[in-house]
Amino acid sequence: MSSIDLKIDGEIATLTLNNPGKLNAIDLAMWRALSGHMATLAADSAVRCIVLRGAGEAAFAAGGDLEEFVSARTTLEQALLYHGEVAAALNAIADSPHPTVALIQGACIGGGLEIAGACDLRIAGEGAKFGAPINKLGFSMYPGEMEGLLRLAGAAVVKEILLEGRILGAREAYEKGLLTRVVPDVQVCDEAYASARRICQGAPLVAGWHKQWIRRLQDGRPLSDAEKAASFAFLDTEDYREGLAAFLEKRKPQFKAR
């Protein structure tokens with residue numbers, strides 16, 4: 001049975017894509033479960049970082065579960081419903097108030113690439129593979145799923161992936177802007193969770209604000225006076241006062257997300 005497994009260890013939550021025997025291919029139930037878990041975690045102020053990974057070492061996720069397409073995506077109505085659920089899950093990841101880290105081992109293809117692309121950071125092993133060769137399957141990527149990859153890597157890279165259907169190695173994917181970091185395969189788990197711990201050491205409200213303002217600035221519109229004023233909301237927080245006090249007192253800050 002396929003599943004999205006949730007584990008919380010202190011301030012770090014881990015969501016594991018798990019579809020045994022199918023290289024963690026993602027079916028409709030998994031997309032819905034991913035949305036549900038992300039909503040639950042968004043409301044959990046004790047969580048400060050979310051790691052997304054695939055079960056085992058062979059794959060992050062080898063795309064959508066194509067066997068399901070035969071029955072669950074045959075009509076326009078079904079297709080709109082199906083890919084609406086996919087887009088909702090990807091948006092839930094991208095819009096998460098908590099930073100997200102994709103821990104990538106093995107195949108990261110199609111829907112797996114879309115999930116990784118929606119995360120804030122992508123840390124991959126040297127042996128990981130990336131692509132979306134759906135041109136060989138006769139269907140196009142849903143615009144609501146393409147949007148995140150386009151924002152991440154730009155039109156030239158997305159065209160190369162979709163038009164040629166090439167599978168990229170980790171180093172090439174990094175050079176093209178798809179990845180944050182590439183490390184030896186044996187180090188990828190340690191590095192991803194080390195990254196998560198570094199995130200947790202920072203002020204959680206600040207992490208959320210940084211995500212918010214990065215997304216806002218990407219749309220190209222100048223900031224309004226109200227938005228400029230809103231960017232100083234940290235002045236009224238306990239965490240700001242704690243951060244300054246800890247610096248002056250030469251101690252580790254104890255942030256409370258308030």
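What follows helix H6, and is its phi positive or negative? The residue is Gly-165, and its phi is positive, near 70°.

Some housekeeping, then. This is a predicted model, where local features need pLDDT of at least 70, side-chain atom pairs count only at pLDDT 80 or more, and totals for chains, interfaces and linings use all residues. Residues are numbered from 1 along each chain as its sequence is written, and side-chain values use heavy atoms, with hydrogens and water left out. When I say helix or strand, I mean a DSSP run: H or I over at least four residues for helices, E over at least two for strands, numbered from the N terminus.

Six strands make an open sheet, in the order S1-S2-S3-S5-S7-S10, and the pairing is mixed. Pairing here takes at least two DSSP bridges between two strands. S1 (3–9) and S10 (181–183) are the edge strands with a single partner each, so one side of each has no neighbour in the sheet. On average, neighbouring strands are turned by 20° against each other, direction ignored. That angle is between lines fitted to C-alpha atoms (for helices, over the stretch in contact), and angles between N-to-C directions run from 0 to 180 degrees.

Start at the S1 end: S1 and S2 (residues 12–18) run antiparallel, joined by seven bridges. Ile-4, for instance, has Leu-17 in S2 as its bridge partner.

Now look at S5, residues 100–104. Five of its five residues are buried, meaning under 20% relative accessible area with a 1.4 Å probe, protein chains only; over 50% would be exposed, and in between is partly exposed. Thr-100, Ala-102 and Ile-104 point one way, Val-101 and Leu-103 the other. S5 pairs in the parallel sense with S3 (residues 49–54) over four bridges, and Arg-53 has Leu-103 as its bridge partner.

S4 and S6 (residues 107–109) run parallel, with three bridges. Touching means contact, with heavy atoms within 4.5 Å.

So, back to the helices. What covers the buried residues of H6? Among the covering elements are H4 (111–118), H5 (143–153) and H7 (170–175). The buried residues in H6 (155–164) are Val-157, Val-158, Glu-160, Ile-161 and Leu-162.

The axes of H5 and H6 come within 7 Å and cross at roughly 130°. That makes the two helices oblique: under 35 degrees counts as roughly parallel, over 145 as roughly antiparallel, 65 to 115 as roughly perpendicular, and the rest as oblique. On the H5 side, the contact uses Met-146, Leu-149, Leu-150 and Ala-153; on the H6 side, Ala-155, Val-157, Val-158 and Leu-162.

Last one: the H4 and H5 axes come within 9 Å and cross at roughly 55°. Leu-113, Glu-114 and Gly-117 of H4 meet Glu-145, Leu-149 and Leu-152 of H5. That's it from me!
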